[in-house]
Amino acid sequence: MRAAQGWAESRRRALLAMALLFGFAASDGAAQAGQIDPAPSSQSKETATLRVEVRSDTAAISQAVVDVAGTSHTTNDEGILVLTIPVGLVQITASKEGFPPVTTSVRMVAGLEQRVVIELTAPPALDEEVTVVASTRTERRIEDQAIRVEVVPQEEIDEKVFMTPGDISMMLTETNGLRVQMTSPSLGAANVRVQGLRGRYTQVLADGLPLYGQAGSIGVLQIPPMDLGQVEVIKGVASALYGGSALGGVINLVSRRPQPNRQEREVLVNRTSRGGTDTVIWLSDHGSGNWGYTLLGGGHWQERNDVDHDGWTDLPSYNRAVARPRVTWQDEQGRSVFFTVGGMAESREGGTMPDAVAPDGSPFPENLNTRRFDAGLVARFPTRAGRIVTFRTSGLGQWHHHQFGGTREHDLHHTWFAETAMTGTSGPHTWVLGAALQRDRYRHRELPEFDYTFVAPGFFAQDDYSPRPWLTMSASARVDVHNEFGTFFSPRISALFRSQVGWTLRLSSGTGFYAPTPFTEETEATGLSRLAPLGLLQPERGRSFSLDLGWKRGSLEVTGTVFHSVIDEALVLRDTNAPAPGKPVEIVNSTGATRTAGSELIARWHRDEMDLIATYMYVWATEPDPNTQIHREVPLNARHTAGIDWLWSITSRVRLGVELFYTGVQQLDDSPYLERSRAYLLAGFVAEWRIGRARLFVNTENLGDFRQTRYEPLVRPTQATNGLWTVDVWGPLEGRIVNGGVRVGF
């Protein structure tokens with residue numbers, strides 16, 4: 001990697017950028033001072049401003065009757081009512097002839113403006129209000145976000161818990177636009193591709209914090225889903241929100257929170273037909289005071305499987321222990337603190353089976369021991385001027401001990417992150433201004449030439465502007481000052497249009513960057529021992545555009561998306577032209593652009609106790625071949641994928657679910673057996689019975705017992721240049737799996 005010779009110049013640029021951003025905030029504050037006094041003298045500390053917006057199918061309702069604390073008022077022509085009322089918990093009821101009344105409540109905080117949107121309609125359960133917690137920094141309803149954010153609610157997460165209680169792979173696989181791609185069949189390592197982009201561009205967060213850092217592709221298989229409340233997904237370049245780690249998108253895992261005056265105790269035990277065992281405990285308590293806590297603990301075990309009896313591991317063994325306590329505090333003034341710590345220890349074994357050998361006649365074990373510890377804190381404090389100040393910080397340490405045949409590698413990943421931001425409103429504007437600092441450190445015991453320490457302070461601003469009930473525009477920008485690669489400016493603009501008949505249109509475009517590291521999908525699977533020292537590498541640059549068209553009427557909701565992204569200077573692994581001894585591969589910047597285009601379609605239908613979700617995605621992605629530079633289709637991107645997920649609550653005690661997922665043909669990379677994969681269809685079935693406080697479940701995945709090894713061998717006849725003994729994984733290796741267990745609340 002090149003030295004940080006431009007650090008002084010980068011600092012000057014950062015100071016200029018910071019001055020511009022804070023100048024923006026100052027001008028906004030001055031504008032507010034000329035329009036609305038945030039703390040008028042006539043308003044005591046014991047009052048607050050309430051803004052009620054009444055709508056139906058996203059259209060404003062004028063002259064709606066709004067009852068606030070026993071006093072009736074009416075909305076104006078734009079469906080808006082603004083009042084100054086005493087602080088505390090206030091009940092609000094909105095009604096209009098032809099609509100059933102809707103009642104809600106809100107806790108008013110002294111000196112703040114509280115915005116409440118009431119929809120006068122008879123929504124099915126599918127239309128429950130969902131708030132985006134952390135992905136966009138403005139805690140607004142998903143319907144009001146100009147940036148499209150897809151949310152997996154807790155009901156769907158609970159269904160996936162019965163399928164794979166030990167990790168989130170199934171939940172992400174069945175989210176439209178995401179693909180969990182296995183990178184190492186020997187170890188079961190996988191990462192998440194968003195709309196066809198490689199997995200290293202996907203930023204995985206926990207409660208808005210980078211608790212998993214840039215710690216490799218095994219992470220998604222080490223996160224149990226039982227303590228998740230919802231999952232938020234932003235697709236496309238998101239560097240304007242989260243810097244260089246989010247070139248492809250963001251997946252934010254939001255934890256379940258303790259419920260006031262309620263204790264929760266749950267235990268889950270699961271066993272699979274392939275020798276997997278999961279035990280998970282979930283505890284939660286929140287008394288009448290301000291404090292609450294949750295605790296997730298789990299033990300997960302998997303027996304080693306050679307399903308096709310070729311002497312090579314198809315399903316690696318592992319032993320994993322996980323613990324994650326969380327503590328929450330919140331008072332009546334809107335101040336809150338969230339603190340979490342987590343620990344994980346895991347040992348995995350794969351490669352050749354005991355007493356078996358690779359085609360060269362020697363055993364080739366692939367083992368990985370992982371130890372991880374992390375901690376994070378999120379604090380939120382309202383100010384007297386009506387602003388919200390947030391502070392986030394986290395730290396991660398992760399230790400790996402790899403074995404690839406006779407080669408052993410030990411490394412350490414460390415990530416530290418801190419961010420502070422201020423959010424305010426001024427009429428139709430909701431703005432955010434903040435600064436962040438992230439430090440990523442990597443150390444390799446045997447190969448110190450790959451060590452790096454990245455320090456990147458960043459400054460960001462965002463403005464959501466809603467001049468009319470049918471229009472919201474959002475502009476955000478971020479300046480990152482990287483100690484190795486200079487200064488980056490990442491803007492993003494979005495717009496939301498809503499009609500009176502249920503149509504919504506979202507447009508979004510942004511740019512971003514990704515700093516080079518020695519980790520690609522290939523090197524994470526084979527280690528760094530065969531990799532030549534990194535040369536003069538350029539940061540990867542990306543830009544994306546998306547258009548979303550949605551329609552909702554009654555029980556049916558349909559969303560269609562078209563997207564396009566371009567990655568310049570993409571890092572690729574290629575054979576060295578003048579190989580050093582034992583260093584046959586190198587990482588270089590691609591000479592051409594990686595282009596990805598496609599479309600998504602998702603339809604949701606809910607009626608009474610029945611839910612049906614149908615999805616489809618088309619992806620066309622091309623890139624220069626690393627060795628020939630001739631453009632080719634990106635390997636392991638299925639052009640066509642589709643799915644149907646049907647869930648039926650037959651009674652209050654019995655639920656049934658059926659799933660069908662189709663994966664089309666994929667281009668393969670350097671396989672000695674096939675140029676393209678086979679298309680395949682997977683079917684699954686899940687059943688749940690409630691008996692008292694117990695929920696018994698049985699789940700079957702891959703009913704047709706499809707296996708990739710029925711169509712091509714997994715093991716190569718000779719070892720590849722990069723060290724791999726196996727071909728690309730394009731389909732299931734483990735075949736049919738049946739699992740069952742019990743989830744008990746007490």
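These legends walk through several close-up views of one predicted model.

The model is predicted, so local features need pLDDT of at least 70 and side-chain atom pairs count only at pLDDT 80 or more, while totals for chains, interfaces and linings use all residues. Residues are numbered from 1 along each chain as its sequence is written, and side-chain values use heavy atoms, with hydrogens and water left out.

**View 1. The whole chain, for orientation.**
The protein chain holds five helices and 39 strands; helices (H or I, at least four residues) and strands (E, at least two) are DSSP runs, numbered from the N terminus. Of its 746 residues, 57% count as buried, where buried means under 20% relative accessible area, exposed over 50% and partly exposed in between, with a 1.4 Å probe and protein chains only. Among contacts (heavy atoms within 4.5 Å) with a separation of 6 or more, 64% join residues 24 or more positions apart.

**View 2. The largest nonpolar core and its neighbour L172.**
A nonpolar core is a set of buried Ala, Val, Leu, Ile, Met, Phe, Trp, Tyr and Cys residues joined through side-chain atoms within 4.5 Å. The largest one has 41 residues, and I168, M171, L172, V231 and L253 touch the most other members. A second, separate core of 19 residues includes A48, I92, I118 and L120. In soluble globular proteins, nonpolar side chains tend to be buried together.

**View 3. A closer look at L172.**
L172 sits in helix α3 (residues 169-173) and is buried, with a relative accessible area of 2%. Leaving aside neighbours within four places in sequence, L172 is in contact with L178, V180, V192, V220 and I251. From L172 to K160 is 12 residues in sequence and 9.5 Å in space, C-alpha to C-alpha.

**View 4. The second largest pocket.**
A pocket is an open set of points on a 1 Å grid over the protein atoms alone, where a 1.4 Å probe fits, with protein on both sides within 12 Å along at least five of seven lines; lining residues have an atom within 4 Å of a point. This pocket has about 790 Å³ of space, a volume being the space filled by probe spheres set on the points, which are joined across faces, edges and corners. Its lining has 38 residues, with E522, R632, D669, D670 and N722 nearest the centre. Elements giving two or more residues to that lining are β10 (178-184), α5 (521-526) and β30 (571-580), and β30 provides the largest share, five residues. The lining divides into 15 nonpolar, nine polar and 14 charged residues.

A salt bridge is a side-chain nitrogen of Lys or Arg within 4 Å of a carboxyl oxygen of Asp or Glu, and the count comes to 47. E156 and R604 meet in one at 3.0 Å, N to O. Because E156 lies in helix α2 (residues 154-161) and R604 in strand β32 (residues 594-607), the pair ties together parts that are 448 residues apart in sequence. E264 and R256 pair at 3.5 Å, N to O; E264 is buried at 15% relative accessible area, and R256 is buried at 7%. R639 bridges to E633, with the closest N and O atoms 3.2 Å apart; here R639 is partly exposed at 28%, whereas E633 is buried at 8%. A network of salt bridges links R193, R198, E521, E623, D625, R632 and D669.

Methods
Ala, Val, Leu, Ile, Met, Phe, Trp, Tyr, Cys and Pro count as nonpolar, Asp, Glu, Lys and Arg as charged, and the others, Gly among them, as polar.
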